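The following note sets out a few points on the model under review. Please read the points alongside the sequence and the coordinates.

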Amino acid sequence: MKAILIAGALSLLVTLIGTRFAISVLVKQGYGQLIRDDGPTSHHTKRGTPTMGGLVIIIAVLVGYFAAKLATQTAPSASAMLLLFLFVGLGAIGFLDDFIKVSKQRNLGLRSKAKLVGQTVIGLIFAWLAIMWEDDAGRTPITHAISFTRDFDGWRLPTALLVIWVLLLVAGASNGVNLTDGLDGLATGAAMMVFGAYVFINIWQSGQNCATNPGIKCYEVRDPLDLAVVASALTGACFGFLWWNASPAKIFMGDTGSLSLGGAMAGFALMTRTELLLVIIGGLFVAITMSVILQVGWFKLSGGKRIFRMAPLQHHFELLGWAEITIVVRFWIISGLCVATGLGIFYSEWVTGV
């Protein structure tokens, strides 16, 4: 528990102080956000706002986690290291995308195929290691079963399908956060709530773990307490970054932050055996992603008609005349309700044993 508190507090402090320093450096370098001409006209005032702030989040999480390990004199677990690999790996792809945008002064960074290839490579390495890395009891960070609040006994996938399932989760979650990151503080605040939920889930699974507390309702999850340390570091980092990212934003996280945070969400879902529950906990990200899928699909099927004035969903409400801060706060409320619902389902499953 001490490590969880240290990781969260230190990562928050690093982003609070480090983001202010990063803003100065990025402004001097001229690494400002480019704004699409086909987007809401109100966004044109944001042109030139420093981007790539996700770098600070990544550094803060790493500092918070490893400092907590050092302070408590405990070794990093395999699960935590794999999750951090996925987090940093996707962040590196996002950083390359952001850097190309700001250095070449164009809206398009990495080509979509190149970005997908990068996500696939990171996802494949993560999946292979997570399947093969056994502990002394023969447990691996992820299993072959699909899960909701725990693994479904009858829903076991062969290795090839499991890898595909992992890649879909990683791509879906990372791109979902990326699509949500369109208004000041929206994705940061929602992500903070999701990671806060995983702090609770991992602590609960640690207390009811089959390795230390066997029983009918125990959780067959590897390294849950150390995953809670990572989740705490992510929550603290998002909290500190939000201080500077809230409206009016002084800095944007960019793809560096959105891809890494989304990848971490997928990693937590896989390792805590809550893959399908993530659809509820991260309901805001799912809704925004679905708005894009529906918009594009209906546009092609109907020969040019649209469901929303603009996708992703948050921009539809902007074009309806809602103030940006109103949209952000209301979407935060929706995200909070989704997280609370997901946690309620998770806990009630244990209580009822259903």
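1. Is Gly138 buried, partly exposed or exposed? Gly138 is partly exposed, with a relative accessible area of 38% (buried means under 20%, exposed over 50%, partly exposed in between; 1.4 Å probe, protein chains only). Gly138 belongs to the loop between α4 (112–132) and β1 (145–147); helices (H or I, at least four residues) and strands (E, at least two) are DSSP runs, numbered from the N terminus. Between the C-alpha atoms of Gly138 and Phe195, 57 residues apart along the chain, the separation is 28 Å.

2. On the basis of the note: this is a predicted model, in which local features need pLDDT of at least 70 and side-chain atom pairs count only at pLDDT 80 or more, while totals for chains, interfaces and linings use all residues. Residues are numbered from 1 along each chain as its sequence is written, and side-chain values use heavy atoms, with hydrogens and water left out.

3. Helix α6 (residues 186–207) packs against α10 at an angle of about 135°, the axes being 9 Å apart (axes are lines fitted to C-alpha atoms over the stretch in contact, and angles run from 0 to 180 degrees between N-to-C directions). The two helices, α6 and α10, are therefore oblique to each other (under 35 degrees counts as roughly parallel, over 145 as roughly antiparallel, 65 to 115 as roughly perpendicular and the rest as oblique). Leu284, Phe285 and Ile288 of α10 meet Leu186, Ala187, Ala190, Ala191 and Val194 of α6 (contact means heavy atoms within 4.5 Å).

4. Leu301 also lies in helix α10 and is exposed, at 73% relative accessible area.
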